[in-house]
Amino acid sequence: TPSFIIAIDGPAAAGKGTLSRLIAAEYGFHHLDTGLTYRAVAKALLDAGLPLDDEAVAEKTALELDLAGLDRSVLAQHHIGEAASKIAVMPAVRRALVEAQRRFSAKLPGTVLDGRDIGTVVCPAAPVKLFVTASPEVRARRRYDEIVSGGGKAVFDEIFADVKKRDERDMGRADSPLKPADDAHLLDTSEMSIEAAFRAARELIDAAR
Ligand code: C5P
């Protein structure tokens, strides 16, 4: 039997990450946060002092990426996310990373991949596709609360502006823009707890297995 693939897409800070980890733990599946692959390429370029707008250089870095070495604690930094969304518009970078993501998706007994284009491009045949959203205000609020409760300083209006700018870049690009697959289940978490979202996801997954 092939790997059972669960594709989870949506904009930044919608709750995909938490939901994906809960699902992977529940079913004993492997999990790949594909945003980390774009972030790792961006960080490698920044560290090496290389430009973020040279497609051939970025492609070479993407081809050399080791999925086993992704460290979310380092890659979570805000400026790396910004840089990631810039290199993510390049088709050659996407081709290289999608290839690595597809290899990962074949792991047994199953996998959870989360990102922007999993259901549309990376794993279009996945038996379960979720599109997780929340309003920009709610997503900015969650990000703000996360930073402040961690002891950091943040200005809500700046975070709100960042969320909207990132949405525009992710939805507006020509290659693999952020959008729900035709057969994706929409999960709007604006007024839903993570527990409720997890229950809804479990019902969809159990019905498909
Ligand atoms: O989800 P995360 O914020 O870590 O993603 C960082 C950036 O990587 C996103 O803003 C997006 O531009 C890009 N990305 C993508 N396709 C994916 C995952 C992330 O283009 N599957």
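At 47% relative accessibility, glutamate 195 counts as partly exposed, where buried means under 20% relative accessible area, exposed over 50% and partly exposed in between, with a 1.4 Å probe and protein chains only. The structure is a predicted model, in which local features need pLDDT of at least 70, side-chain atom pairs count only at pLDDT 80 or more, and totals for chains, interfaces and linings use all residues. Residues are numbered from 1 along each chain as its sequence is written, and side-chain values use heavy atoms, with hydrogens and water left out. Helices (H or I, at least four residues) and strands (E, at least two) are DSSP runs, numbered from the N terminus.

- Although methionine 192 and alanine 134 are 58 residues apart along the chain, their C-alpha atoms are separated by 9.2 Å.
- When neighbours within four places in sequence are left aside, methionine 192 is in contact (heavy atoms within 4.5 Å) with Arg142, Leu187 and Ala197.
- Arginine 169 is part of helix α9, and its relative accessibility of 22% makes it partly exposed.
- Not counting residues up to four places away in sequence, arginine 169 touches Glu82, Ser85 and Lys86, while threonine 34, 135 residues away in sequence, is 17 Å away in space from C-alpha to C-alpha.

- Helix α2 has 13 residues, numbered 35-47, and at 1.5 Å a residue it should span 18 Å, which agrees with the 18 Å between its end C-alpha atoms; the expected span is 1.5 Å times one less than the number of residues.
- The buried residues of α2 are Leu36, Thr37, Tyr38, Arg39, Ala40, Val41, Ala42 and Leu45.
- These buried residues pack against strand β2 (30-33) and against the helices α3 (55-63), α4 (72-75), α5 (78-87), α6 (91-105) and α9 (156-172).
- Just after α2 comes glycine 49, which takes a positive phi of about 70 degrees.

**Two pairs of packed helices**

- Two packed helices are described by the angle between their axes and the distance between the axes; here the axes are lines fitted to C-alpha atoms, for helices over the stretch in contact, and angles run from 0 to 180 degrees between N-to-C directions.
- The axes of α8 (residues 136-149) and α9 come within 9 Å and cross at roughly 125 degrees.
- That angle makes α8 oblique to α9, given that angles under 35 degrees count as roughly parallel, over 145 as roughly antiparallel, 65 to 115 as roughly perpendicular and the rest as oblique.
- On the α8 side of this contact are Pro136, Glu137, Arg139, Ala140, Arg141, Arg143, Tyr144 and Ile147, and they meet Phe156, Ile159, Phe160, Val163, Lys164 and Asp167 of α9.
- The residues of the contact between α8 and α9 divide into eight nonpolar, no polar and six charged, where Ala, Val, Leu, Ile, Met, Phe, Trp, Tyr, Cys and Pro count as nonpolar, Asp, Glu, Lys and Arg as charged, and the others, Gly among them, as polar.
- Helices α3 and α6 pack at an angle of about 5 degrees, with their axes 8 Å apart, and they are therefore roughly parallel to each other.
- In this pair, Glu55, Ala58, Glu59, Ala62 and Leu63 of α3 meet Pro91, Ala92, Val93, Ala96 and Leu97 of α6, a contact whose residues divide into eight nonpolar, no polar and two charged.

**Backbone details in the loops**

- Most residues other than glycine have a negative phi, and most peptide bonds are trans.
- Alanine 13, in the loop between β1 (4-9) and α1 (16-27), has a positive phi of about 65 degrees although it is not a glycine, and it is buried, with a relative accessible area of 18%.
- Serine 176, in the loop between α9 and β5 (185-188), is also not a glycine and has a positive phi of about 55 degrees; it is buried, with a relative accessible area of 10%.
- The peptide bond from leucine 108 to proline 109 is cis, with omega near 0 degrees, and proline 109 is found in the loop between α6 and β3 (110-115).
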